[in-house]
Amino acid sequence: MTVALDRPQRRAPASQIGLVEEFLLLTLEDSGGEFDSVPEIYLNCGIAGAALMDLALRGRIDSDLDGVFAVDATPTGDELLDQALADITREPRRLGAQHWITHLSRSAPAMRQAALANLCARGILRQSDRAFLWVLKERRYPVVEGQQRPEAKKRILALLYNDDIPTPADAALTALADATFVFERILTPKDLERVRPRIRQIARIDLIGGEIARTAHQVNLETRAAERRTVLAGLAGNVVEWYDFGVYGFFAATIGAQFFPSEDPSLSLIASFGVFAVGFIARPLGGLLFGHIGDQLGRRAAVVSSVILMIIPTLLMALLPTYRHIGLAAPLLLILLRLAQGLAVGGEYTTSMVLLVEEAQTRRRGFVGSFAPFGALGGLLLGSAVGATLTAFLPETAAASWGWRLAFFAGLLIGLVVFVIRRRLPPDPAIVQTEEARKSPLLDAFRTQWRTIFKVVGFTLGNGVGFYLCFVYVSTWLKEQQHLSASTALTLNSIALFFMLIMTPLAGALSDRIGRKPVLIIGAAGLALSAWPLFWLMSSPHLGAILAGQCAFALFMSCYGASPAFLVEAFPKHVRCSGLSVGYNLSLSVFGGTVPMVAVFLIKFTGNPLSPAFYLSLAAIISLSMALLIGPDSEEAATP
């Protein structure tokens with residue numbers, strides 16, 4: 001179906017507000033706001049349709065039964081409209097309006113930003129933080145050439161209640177508003193029912209509105225399906241990566257006794273956590289490797305290869321002989337396998353963060369990005385649940401001798417499923433084409449983004465130290481210091497992890513509404529202030545008090561669910577995987593993976609079982625400082 005663009009051609013004077021600007025003002029609340037009344041996909045399609053109609057009103061394009069074509073390639077003076085006009089002019093075929101709406105909707109965020117900048121420059125709107133407010137009272141436009149032009153919403157609503165013949169621009173705006181459900185948001189159901197025939201009458205004058213509605217619906221379905229596939233792939237990958245790390249942390253004492261036998265159990269435990277930290281030492285190398293792959297070859301290539309690198313060591317971990325069977329070779333092989341897993345995790349987590357945030361709709365980035373930590377939490381929760389189940393149903397000697405191997409075999413099966421899921425992800429041609437000529441995005445990241453990388457290192461301290469202290473080491477702390485049974489400690493930890501699992505996406509969604517920084521500040525400040533009181537509460541002999549302390553930690557830590565979008569938006573796209581991978585994994589390797597070992601050392605050195613709390617407070621203070629300093633990359637800041 002083609003669209004009747006042929007209408008009385010009236011070139012708009014330079015001072016006139018463009019159709020894209022007026023369409024945006026239709027979606028703005030009367031008192032000003034954040035343009036959140038229209039779903040993003042429909043808004044983008046509406047902007048694209050407005051641009052197409054603006055070109056028609058300016059006499060640059062027309063249409064017939066075969067499709068849309070250019071009739072005048074003279075530039076309009078609007079950079080984004082001229083780019084759209086150039087695209088239509090270069091196309092030898094006459095393609096329908098639906099094709100061009102889909103095509104132009106990709107650049108709709110840039111059009112939106114340019115339109116908002118134009119409205120602010122004209123003195124119609126002013127920006128206040130994330131919101132745009134009317135400068136003049138009663139939503140008035142400034143007087144131009146001695147005339148006062150009524151604001152778009154007033155003109156369109158007036159048309160609905162009289163029989164005036166609409167101008168071509170107002171007919172187009174009515175069709176745009178109808179196609180993007182603006183009327184459903186500004187009229188009561190009773191009023192909408194009353195004026196619906198008039199809306200249809202006016203919209204029929206401009207058939208492009210129907211194309212916008214159909215295109216928006218189709219793009220909406222396709223985008224949400226792609227978003228679901230990406231979320232599933234990112235979430236599942238983090239589940240398998242962190243399931244293995246979680247299983248190792250929960251069975252650290254057993255693994256230490258079998259691979260590092262010693263008369264002093266504390267020395268075996270420290271050695272076991274030392275190997276746990278070895279995996280984190282490899283994370284920066286994994287970040288370098290997979291960050292380069294993600295920026296050079298695409299996000300899909302990075303996340304598929306990282307899963308492969310995780311599956312193989314997981315299988316070998318399940319089959320690895322102990323010190324009693326092969327002597328010193330056992331701990332050496334264990335260290336090598338942990339290094340391989342650290343490489344995989346170093347590339348997996350940050351690349352999946354980038355994948356999730358980039359594929360999400362702009363206004364859902366916080367929520368969709370939160371599925372990276374959601375998947376990690378799910379993996380650790382699954383590891384905790386498997387550990388609790390094995391220790392509860394197997395005899396203690398069986399669980400200590402071979403039961404832990406069953407947990408690693410289960411991780412292998414999960415990894416194979418994730419590999420199949422990620423193989424079905426579409427390639428990322430945009431990254432491939434953009435970066436073919438780039439020799440080293442990693443060097444470019446260090447050259448241009450070193451300050452941001454440094455800030456990310458500091459910001460990640462609160463997240464890393466908090467997570468590995470409160471949800472990995474704490475099970476061992478409860479067993480060693482509070483003398484809880486292994487199954488009880490793991491059960492309490494699983495409940496707290498499940499609570500954090502629920503709260504993390506909610507924190508991500510909240511960051512889409514109020515901003516990333518407020519959510520992150522609440523989390524970091526809460527950890528800094530409550531670390532010692534909560535550890536003191538958890539030193540109580542009452543299980544209810546212990547669980548309350550862990551759940552409080554979970555609440556503050558869940559605020560870091562906003563961090564994936566926050567960190568991804570801090571880097572430009574072409575070096576995003578490299579810069580983020582280096583900063584995040586460097587912090588985790590030095591300060592995160594060493595947490596259990598440092599905690600054991602602090603308790604042994606000070607004799608105070610609450611001493612790890614002060615380490616957490618210091619890390620949270622640094623994280624809070626960096627959260628205040630980190631700002632969005634200019635590319636992302638361009639999208640309000």
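This is a predicted model: local features need pLDDT of at least 70, side-chain atom pairs count only at pLDDT 80 or more; totals for chains, interfaces and linings use all residues.

Residues are numbered from 1 along each chain as its sequence is written, and side-chain values use heavy atoms, with hydrogens and water left out.

Let's start inside. The largest nonpolar core has 85 residues; a core here is a set of buried Ala, Val, Leu, Ile, Met, Phe, Trp, Tyr and Cys residues joined through side-chain atoms within 4.5 Å. Helix 22 (residues 450–481) supplies the largest share of this core, 15 residues. (Helices are DSSP runs of H or I, at least four residues, numbered from the N terminus.) Among the residues with the most contacts inside the core are Phe-459 and Leu-567. Leaving aside neighbours within four places in sequence, Leu-567 is in contact (heavy atoms within 4.5 Å) with Phe-459, Leu-580 and Tyr-584, among others.

Now look for Asn-463, also in helix 22. Is Asn-463 buried or exposed? Asn-463 counts as buried because its relative accessible area is 12%, and buried means under 20% (exposed is over 50%, partly exposed in between; 1.4 Å probe, protein chains only). Not counting residues up to four places away in sequence, Asn-463 touches Met-557, Tyr-560, Ser-563 and Tyr-584.

Residues including Ile-312, Trp-402 and Phe-409 make a nonpolar surface patch of about 700 Å². Helix 14 (299–319) gives the most to this patch, with 5 residues, and Ile-312 is found in that helix.

Conventions
Patches are made of residues with over 30% relative accessible area and no salt bridge: like charges are joined within 9 Å, nonpolar side chains (Val, Leu, Ile, Met, Phe, Trp, Tyr) within 5 Å. Accessible areas come from the Shrake-Rupley method with a 1.4 Å probe; for residues, only the protein chains shown count as cover. A salt bridge is a side-chain nitrogen of Lys or Arg within 4 Å of a carboxyl oxygen of Asp or Glu. Helices (H or I, at least four residues) and strands (E, at least two) are DSSP runs, numbered from the N terminus.
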